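Dear colleague,

Here is the structure that I promised to pass on to you.

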Amino acid sequence: MSRFHSLRRGRRAPAVTFSLVVALAVSAIVSPASAAPQTPARTGFTTTRAAEQAVCEQRFLPLPRSDSFREHLRTITEHPHPAGSDAQRRVGRYLAGAMEAAGLEVVSHPYDVYLPQLTDDVEVHIVTPVAMQLSNREPELEEDRFSGHPELLNGWNAFSGSGDVTAEVVYANFGRREDYRALDSIGVSVAGKIVVARYGGNFRGYKVKFAEERGAVGVVMFNDPGPGGPDALLPYPDGPMMNSQTIQRGSVLTLPWTGDPLTPFEPALPLDGDREVERLDPSEVPLHSIPVLPLGYGPASEILNRMEGREAPEAWHGGVEGVTYRIEGGPGLTVRVRVDQPKALTRVVNVVGTLRGTEFPNEWFVLGAHYDPWGFGAIDPNGGTAMLLTLGEALGELAEAGCPPRRSIMIAHWDAEEAGIIGSTEWVEEFREELEANAIAYINADGAVSGSNFGASSSPSLKDQILEATKAVAYPGTDDSVYDWWIKRAGTDADEPSLGNLGGGSDHVAFYTHAGVPSGALSSGNPGGVYHSNYDNFAWYERFGDTEFVFGPMVARTDGVLALRFANADVLPYDVERYAADVRTHLASLHEVADARGLDVAFPALATAVDDLEDAAGDLAAARERWTASGDVKPAAAERVNRALIGLEKAWLNDRGLQDRPWSRSLYVSPDPFSGYASWMLPGLRYEIETDNRAALRGWERVYVNAVRGLAARMRTVEQMIEESR
Ligand SMILES: [Zn+2]
């Protein structure tokens, strides 16, 4: 029997009317099983509504159930189901059915997007000094009943070019911009060569982009196990980490926009639909043309061990045992890479369920995760998918039990994220105007559940409410709340848990950086080394992931409390005061980046604007508090104020976008344009610092001063609206 047994069993809430729920309020609040704070004083809530909310949260917390979470995950990951496959269409129908059964209104949103076809026609050989074909498929394992599935594919990289090349090799470390520059500086050219690079350090697409720019004819990327150590976890199947045959698949697309390569700014609506969409010709899009493929470190070491050039610097040494990492292979070693990767317009389908708000149906709190994997995708993405289904069921049941949300809660399952964040981006492009006007927040759940380590990152205006939500939820197997557990992990002298800034690389990108929707991501994971491999499956998950299936419900509870507070508050409880504090932190980081480059920069006008922003935010927060404390918040007035609050984040949108990236409209955050995954804060300024363009900094400082003043002015307007409503 599990030590989490009592949590797993859960309590089913009887269907009661809301007045009965209110009558039960007192007993629910003093219930000893309650993990929620006892005081109903809550940002954005009048006292009366806070009491109702406390009751509804107590009803909600037991509803996300382990058995349901487990069953959804097991069913969804029964077969490999990458975007464009028949299996993925079946999974899409399953998601729609599960959300309908939970009481959500479900709409499917199809798009025809440019995708590599699911052929894995790739091979890699050593040609000289020996003839040897290298394995590019994970072998079947006795301990893993999924690993021999006939529909599994070889290792491949989406948006590789097609071609058949034979050449000498050069090792480029992680294939970062600085790595290629280091090769340039010692006079090593990759022109006409095949680049061998280890995964890590940047988004894999940039390894290819920089190689191609320097004339390389192909790229082989490999999983490097990194430094071992006495406490190192064991390789799969004895432990959760990569083994010598584990392959990381993944897209290598590096376009200055996210989503369908052929339709930047526009939704890739179906070819057979009513509205015609202009599509670029693939020849007009800067796709990579050289062949690229991934290997496990076992096969890769066959190449590395035969290299004969000078030894690579210490920092370039990876962790493959017995290998001396060298820069050049020398003329005696030639490698052949062959990739045949046709691409075509392919139907993908997002599945979106809505729990309609009873009072403000056109204000949306959106949660989402992609549902397409490379293989089975038990961790990435479907731990998140199963969590969202469990959350949808709990919210549906809660509505039945007398606590429907006042605003709409949407649960979205995106298709084709892996190839280039495509499904979510097309949806945001289709509904951009509505989202800018209606979307309160977007919470992403990509691979959100694979274990016990809780974490979160978000835009400033969601941070406070994310922290508050974690206080309401119990951490499984302890007497702690998620918050308690999280802050203990941050260290004894921390004021708050470490709540990061959201970066690139998943479905929040279009919401956050293109449409200006405040965004966040909550997750709970375990260490593992099966990312994007055929071993990311239910067998791994049962042994090394969320083995008791308790962390899925924990994340669902936290996401749910967060959603319910934004859905039910009288006045939207955005953390308006966090903007100024966070911008100051980002400015300090920019100074560090500039210092490291020997640049002396100062932004006095911007610093003054941030001081004014702090004042405006403090006044707005105080006005909101007085208003809710008065207990007299009329719905019509609140609706006007809430619309204006939703508009705050749009002060960061720049219609012309960022340098060389018109699609990236947020001045606040963007993916790092030179590495992909990491986030750049205040990216317009960061770009000029990174490219040593001091002359352009002044102009960009003015852009930022205007944005910050614009945000402060919007806050003053909202404060005024509140004062006039009282
Ligand atoms: Zn993912």
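Strands E2 and E3 form a hairpin, with three residues between them; strands here are DSSP runs (E) of at least two residues and helices are DSSP runs (H or I) of at least four, both numbered from the N terminus. Before going further, please note that this is a predicted model, in which local features need pLDDT of at least 70 and side-chain atom pairs count only at pLDDT 80 or more, while totals for chains, interfaces and linings use all residues. Residues are numbered from 1 along each chain as its sequence is written, and side-chain values use heavy atoms, with hydrogens and water left out.

E2 and E3 run antiparallel and are joined by three bridges, where pairing requires that DSSP finds at least two bridges between two strands. Within this pair, Ile126 has Met132 of E3 as its bridge partner. Strand E2 (residues 121-128) also pairs in the antiparallel sense with strand E11 (residues 334-340), over seven bridges, and there Val122 stands opposite Val339.

In the loop between strand E3 (132-134) and strand E4 (157-158) lies Pro139, which is partly exposed at a relative accessible area of 36% (buried means under 20%, exposed over 50% and partly exposed in between, with a 1.4 Å probe and protein chains only). Leaving aside residues up to four places away in sequence, Pro139 touches Ser147, Gln245 and Tyr535, contact meaning heavy atoms within 4.5 Å. Pro139 and Gln245 are 106 residues apart in sequence, yet their C-alpha atoms are 7.3 Å apart in space.

The structure holds one disulfide, defined as a pair of cysteine sulfur atoms within 2.5 Å. Cys56 and Cys403 form this disulfide, with their sulfur atoms 2.1 Å apart. The pair links distant parts of the chain, 347 residues apart, with Cys56 in helix H4 (residues 47-60) and Cys403 in the loop between helix H10 (378-400) and strand E14 (407-414). The torsion about the S-S bond of Cys56 and Cys403 is about -80 degrees, so the disulfide is left-handed. Cys56 is buried, with a relative accessible area of 6%, and Cys403 is likewise buried, at 4%.
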